[in-house]
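Let's take a walk through this model together, one stop at a time. Keep the viewer open as you read.

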Amino acid sequence: MPLVRITLCFLCVLCCLVSACSSSVNSADANKIKVGIVFDIGGKDDRSFNSAANQGVLRAKKELPIVLRDAEPGDATSLEPAMRAFAQYGYNLIIGVGFAQAPILEQVAKDYPNTHFAIVDGVCDSPNVASLLFKEHQGSFLVGMIAASTSKTNTIGFVGGMDIPLIRKFLKGYEEGARYVNPSIRVIPNFIGITDAAWNNPSQGKELATAQIQQGADVLFQAAGNSGLGVFDAAESMKKFAIGVDSNQNYVKPGTILTSMTKRIDNAVFAVVKEEVEGKFKGGVHVYGLENDGVGYAMDEYNKHLIAQAIIDKVEIAKKKIIAGEIKVTDVMAK
Amino acid sequence: MLRNIFNFTLIASTLRLATPLILAALGGLYCERSGVINIALEGIMLAGAFTAALITFYTQNPWIGILAAVTAGVLVAAIHAVATINFRANQVVSGTAINILFLGVPALLCGVFFGTTGNTPQLPREQTLNDWQVFNPQESPLLASIFNQNPLVYFALLAVLLTFFVIYKMRFGLRLRAVGENPEAADTAGISVNRMRYAGVLLSGAFAALGGAYISIGQNSLFTRNMTAGRGFIALAALIFGKWDPLGTMIACLLFGFAEAIAIRMQGTVNIPNQFIQIVPYVLTIVVLAGFISRAHPPKALGIAYTKE
């Protein structure tokens, strides 16, 4: 009797697997370029970092002849199997999103030297990997200027997700931008946590933001994935300003979100897919900064009434100076 | 510097952070007092958090969302009840299965309803459960901030008193405890062991789901994947730490909340690396557990399925 049950269960699972596999490749797609993307823990709907990457591949899918599949590993241990599965099934280009995937991608890329890879926010040395890096410190400098110019309390906050050098890079740029406008401004920096769960804890984001506001902060910049949505909630209910990150988040809470530090992962990802389709894939480090609109700050119909033109003019001048090298923004990750 | 850490806002923050723990731990209390281990609190909280956000999104009424969350919690707890009471499955295994199941189910349903993989759309502020100012002393805005809390915060504190009364003063509580301590004797006295255990497990579903709903539509305005971030397990620890007693459990939850609130305020105020600050709640727990409480005695029949002779 138990044997029958076990066999039945086994058969059920097998059926599911077979039906899942058979639907994944159909013949019309056989000679298209196959692109696989592995998202970070936050998942592609974080309205921020992963969403930006997702926008890029979705645009590529619409405009280019590719087959697109994605994987959203729920935890760090599923990143590698997801990536290897794509490589095994003969995908032409595999994109890893997030710094945490760099060491894994390094390994997988060595095992599949004929497959092309791209990594967002990380560096791998293999010639078949394109490393997509951003000058987040430059974009953060500009939103830091906007924050300091807007603050009435002379105090601004920063809520980072996981406490890692990459997020410290945002913080440093933000602080320098704020001090550039107002040398005496107080910046309160907080981090959600020290594990990857920090990207998915909006309650903690709200609590940290509330504590910052109670200490006098009236503009809060968040770089915390899903946890940042809690920062927006706190700012909205206490009638302060928040600054979005990675994607243009101005629409999430109109009137509360002052601007967003955009990191055009979408453009970078789209460009690498396009190169792959055109047979021009190039390995190595690709850097996106202010000079090629890889980072910036978002202005649209949701926030244009929140920031005075005089402030924007000042920020635009600083932007030109940074590009020209007249203002040096510290990159804490530079060796 | 110390004034930045220790002030009235710390009390308000402690209450906010302790509320989901108190609700879930009270749920665990009803369940475990009846003799059924409930490791599934985390999964039930997630189910409650998701259902609350989903139903509030469609009805635009957080109270209907809360009601739906409680219903969902009871249904999920019913899985645990059927498995452990009727089929006498191992209680830890059943609970773990529920936890794993509800890491996945909300993400799947988000796909069905919203085409996303784990996030619900953000609710406008007026559709979430907003704070109630119950007492407003004009002369002290800080004091007023303590009395401006989410309705579920007040409910959690009331529920502690209510649970104390139910467990120690009412016939239902006496029977629940009897079933958890000595099911054979209770059975002989004519109490239906299974029925009492069902009541305990289903109540735990209702309370844990409320805790989840507080996180999604009370503190926040949406559901994100795995947003309870282990609070169900901390609630379970608080229950043990509080020796399965309503007041003790509440104090344990408040202690956890307090430690977390302190850690939040220490960040950026004190010059200590974050990694150390963030272990403060856990270190405090170990110190208190090791130093201040005597041996905890769980209900004697906890974890043992009852078979009628």
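**A guided look around**

Start at Q101(A), which is buried, because 27 other C-beta atoms lie within 10 Å and 20 or more is what it takes to count as buried. Before going further, keep in mind that this is a predicted model. To find Q101(A), look in the loop of chain A between β3 (93-97) and α4 (102-111). So who are its neighbours? Leaving out residues up to four places away in sequence, Q101(A) touches V38(A), L79(A), G96(A), I119(A) and G122(A). Another residue to look for from here is F39(A): 62 residues separate F39(A) from Q101(A) along the sequence, yet their C-alpha atoms are 9.2 Å apart in space.

Two other loops of chain A are worth a visit. In the one between α5 (136-150) and β6 (155-162) sits N154(A). This residue is not a glycine, but its phi is positive anyway, at about 65°. Is N154(A) buried, exposed or partly exposed? It counts as partly exposed, because it has 13 C-beta neighbours inside 10 Å. Now move along to D293(A), in the loop between β11 (284-288) and β12 (295-297) of chain A. D293(A) isn't a glycine either, and its phi is also positive, near 55°.

Let's zoom out to chain A as a whole. Its domain assignment gives domain 1 (32-134 + 266-292) and domain 2 (136-262 + 305-324). Taken over C-alpha atoms, the centres of these two domains of chain A are 27 Å apart. Where they touch, domain 1 of chain A puts in 16 residues and domain 2 of chain A puts in 18. On the domain 1 side of that contact in chain A, helix α2 (residues 49-63) gives the most, with three residues. The residues on that side of domain 1 of chain A split into eight nonpolar, four polar and four charged.

Next comes the place where chain A meets chain B. That contact takes 30 residues from chain A and 29 residues from chain B. Which parts of chain A each supply at least two residues? They are β7 (186-193), α7 (202-214) and α8 (228-237). The element that gives the most to the chain A side is α7(A), with seven residues. Sort the residues of chain A that touch chain B by type and you get 10 nonpolar, 12 polar and eight charged.

The last stop is a pair of helices in chain B. Two packed helices are described by the angle between their axes and the distance between the axes. For helix α3 (residues 41-59) and helix α10 (residues 193-219) of chain B, the axes come within 6 Å and cross at roughly 55°. That angle is why α3(B) and α10(B) are oblique to each other. The crossing of α3(B) past α10(B) is right-handed. Among the residues that meet here are L41(B), I44(B), M45(B) and A52(B) from α3(B), and G205(B), A208(B), L210(B) and I215(B) from α10(B). Counting by type, the residues in this contact of α3(B) with α10(B) come to 14 nonpolar and six polar, with no charged ones.

Notes
Residues numbered from 1 in each chain as written. Chains lettered and ligands numbered in written order. Predicted model: local features only at pLDDT ≥ 70, side-chain atom pairs only at ≥ 80, totals over all residues. Axes fitted to C-alpha atoms, helices over the stretch in contact; angles between N-to-C directions. Helix = DSSP H or I, 4+ residues; strand = E, 2+ residues; numbered from the N terminus. Parallel < 35°, antiparallel > 145°, perpendicular 65-115°, else oblique. Left-handed = near helix turned anticlockwise from the far one by under 90°. Contact = placed C-beta atoms within 7 Å. Nonpolar A, V, L, I, M, F, W, Y, C, P; charged D, E, K, R; others polar. Domains from an automatic or database assignment. Buried ≥ 20, exposed ≤ 12 C-beta atoms within 10 Å, placed from the backbone.
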